[in-house]
Amino acid sequence: MKNPDRAITRRTALALCGQAALPAAEPQELRPPREHDLDFRTPVTTWDEALPLGNGLMGALIWGDGSPLRISLDRSDLWDLRAVPEFHAPDYNFATLRKWKEEGRINDIRRVYEAPYRRPAPTKIPAGRIEIDFGSDARFAASRLRLATAEATADVGSHHAAVYVHAAEPVGMLRISGAASVQFRLLAPPFSGAVAEAARGGIEAGELAQLGYLAPLEESGEGWQSYVQEGAGGFRFAVYLGWRAAGKGWEAAWSIATNREASGLSALARRRVKQALERGYDSMMASHRQWWTDFWGRSAIRVPNKVIERQWYLDTYKFGAAARKNTPPISLQAVWTADNRKLPPWKGDYHHDLNTQLSYWPCYSGNHLGEGLGYLDWLWETRDTAVAWTKRFFDLPGLNVPMTADLNGNQIGGWVQYTHSATTSAWLAHHFYLHWKYSRDRWFLEHRAYRYLRSAAEFIDAFTAVKDASGKRTHPLSASPEINDNRMDAWFAGITNYDLALEHWLLGAAAELADEMKLPGEASRWRRVANELPGFSRGADGKLLVAPGVPLAVSHRHLSHLMAIHPLGLIDVKQSAGARRTVNASLADLDRLGTSE
């Protein structure tokens with residue numbers, strides 16, 4: 001496959017960001033300004049406010065006050081992949097779901113679709129932590145994250161600690177200066193042991209011990225510690241930490257390996273650490289720094305509002321730390337799974353009703369198409385799983401995708417109105433379309449983008465095949481994330497603007513790509529199906545509604561009823577006075593409702 005990154009120059013990317021191109025001869029100007037770095041004068045005391053490091057596969061969180069200094073560890077493919085038995089039972093199908101909904105059998109619906117999600121597994125799992133104790137000289141002074149080099153530092157008493165996760169190799173590096181003696185501890189997550197009764201039964205409160213794993217096999221020697229953890233279904237992973245004296249301080253390295261990449265996973269992790277320590281912190285830093293220099297050289301912004309500018313750099317940094325072409329895509333906590341001895345919030349899964357989609361928007365205007373391919377490659381590689389699920393649950397042809405998914409793309413449940421939405425694949429198809437539009441890669445168009453859009457459009461054609469008295473297609477069980485949560489009235493009598501926007505966009509985009517592929521018959525089919533869909537629901541003032549006759553009543557965390565405006569661009573102020581009226585009225589409605597939710 002051709003490298004799509006070549007198709008967009010740095011200068012073009014800057015123009016797409018709305019900025020004038022910076023001089024090509026001055027790459028230093030594209031590094032993040034130092035004032036946008038994170039610089040703390042008080043210690044971070046919780047994992048979710050830590051300094052984040054990562055390379056798409058491995059992640060680390062730096063936090064603590066020096067008694068100890070903590071490095072929370074993660075790897076993006078550490079998963080408990082136990083199957084959900086309810087999703088292979090005879091009553092697991094769309095026809096039964098519709099029947100139960102019509103009969104008001106909410107308890108049956110929640111038993112099959114939602115109760116499994118409250119069990120501990122399947123779930124993303126953490127990798128433990130490293131703790132460094134500086135003894136009596138543990139007076140916290142400062143911690144910093146340098147965005148330009150993806151290096152975190154901490155000053156504790158007379159000691160200076162510097163840490164990075166190598167940008168391209170599965171290893172983390174640590175250097176401590178000015179320390180005659182420190183204590184290193186490698187701690188495995190508490191997967192085994194008793195479970196407190198109060199912690200049972202909640203996806204947010206559940207303890208890791210609910211997973212019921214055996215205790216890890218822990219080993220140690222002079223200058224090293226390791227453990228091997230066995231999970232579910234024969235899955236195992238190993239963490240190895242090694243350290244050595246270096247000058248007036250210490251250098252350390254760690255790596256995480258799984259039995260999906262090698263049967264001798266412990267030896268693999270040990271070999272990576274040994275090679276990294278032999279090369280040393282500074283030598284490893286050279287190639288790490290070069291990767292980040294290349295990353296930052298692809299785009300930059302300068303805007304008068306420095307709060308907005310800083311947020312762009314912080315989130316672009318996090319994207320660079322969490323996304324790579326050959327790693328799993330960004331999940332709910334990416335490579336920074338919760339380190340609080342509990343199961344990760346919402347299982348740390350793949351949520352496709354906003355979370356994965358928005359996580360990858362920066363790769364297009366930010367000129368990071370290569371990193372974006374980690375998402376698209378995974379969606380393509382799990383396509384057969386999604387097609388099989390579409391046939392098993394909906395009994396229809398084409399492609400739909402479970403809205404909540406595990407590492408292998410399997411449905412894992414939750415609020416049924418959204419986890420079993422009919423338009424999830426349409427929103428995911430939007431990313432295949434964007435990659436084609438930004439890269440103009442013909443191979444990608446022919447072998448990925450159009451094939452994905454066509455399969456999703458085939459499903460929508462079949463799903464909306466029944467027409468009403470006016471000849472318009474109908475849409476059984478339509479919802480809008482996450483209006484009315486998981487109540488029965490989260491299904492609306494008419495098609496929601498969320499579903500309609502995605503269907504109209506998908507069919508129009510499929511027709512556009514079919515034209516590009518010189519397939520007039522297929523382009524005509526998609527335009528015919530789109531013309532048979534109803535129009536958007538609007539209020540008297542022109543604003544977009546949630547569904548026919550249903551305005552957005554309160555401030556909400558999802559603005560899915562406005563997808564026709566953004567990101568899909570089906571309604572734009574440049575089109576007509578009516579379109580301008582709809583956009584202005586919809587935005588005025590948001591202002592009126594406020595941002596409390």
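Reader: By class, which residues make up the lining of the largest pocket?

Author: Keep in mind that this is a predicted model, where local features need pLDDT of at least 70 and side-chain atom pairs count only at pLDDT 80 or more, while totals for chains, interfaces and linings use all residues. Residues are numbered from 1 along each chain as its sequence is written, and side-chain values use heavy atoms, leaving out hydrogens and water. Ala, Val, Leu, Ile, Met, Phe, Trp, Tyr, Cys and Pro count as nonpolar, Asp, Glu, Lys and Arg as charged, and the others, Gly among them, as polar. Sorted that way, the lining of the largest pocket has 17 nonpolar, six polar and five charged residues.

Reader: How much space lies in the largest pocket?

Author: On a 1 Å grid over the protein atoms alone, a pocket is an open set of points with protein on both sides within 12 Å along at least five of seven lines, a cavity is a set where a 1.4 Å probe fits but cannot get out, and lining residues have an atom within 4 Å of a point. Points are joined across faces, edges and corners, and a volume is the space filled by probe spheres set on them. For the largest pocket this gives about 810 Å³.

Reader: Which element gives the most to the lining of the largest pocket?

Author: Helices (H or I, at least four residues) and strands (E, at least two) are DSSP runs, numbered from the N terminus. Strand 1 (38-40), helix 6 (306-322) and helix 7 (355-360) each give two or more residues to this lining. With eight residues, the top contributor is helix 6.

Reader: What about the second largest pocket: which residues lie closest to its centre?

Author: About 490 Å³ of space lies in this pocket. By class, its lining has seven nonpolar, seven polar and six charged residues. Of the 20 lining residues, the closest to the centre are Tyr-117, Trp-346, His-351, Trp-415 and Glu-482.

Reader: How much space lies in the largest cavity?

Author: The structure holds five cavities of 30 Å³ or more. The largest is lined by 18 residues, among them Gln-417 and His-420. Its space comes to about 120 Å³.

Reader: Turning to the open sheet of five strands, which strands stand at the edges?

Author: Two strands pair if DSSP finds at least two bridges between them. Here the order is 2-3-4-7-12, with antiparallel pairing. The edge strands each have a single partner, so one side of each is left without a neighbour in the sheet: these are strand 2 (51-54) and strand 12 (183-187).

Reader: How is helix 13 placed against helix 15: roughly parallel or oblique?

Author: Axes are lines fitted to C-alpha atoms, for helices over the stretch in contact, and angles run from 0 to 180 degrees between N-to-C directions. Helix 13 (442-463) and helix 15 (520-531) pack at about 40°, with their axes 11 Å apart. Angles under 35 degrees count as roughly parallel, over 145 as roughly antiparallel, 65 to 115 as roughly perpendicular and the rest as oblique. That makes helix 13, relative to helix 15, oblique.

Reader: What is omega for the cis peptide bond between Ser-67 and Pro-68?

Author: Pro-68 lies in the loop between strand 3 (58-64) and strand 4. The cis bond that joins Ser-67 to Pro-68 has an omega of about 10°.
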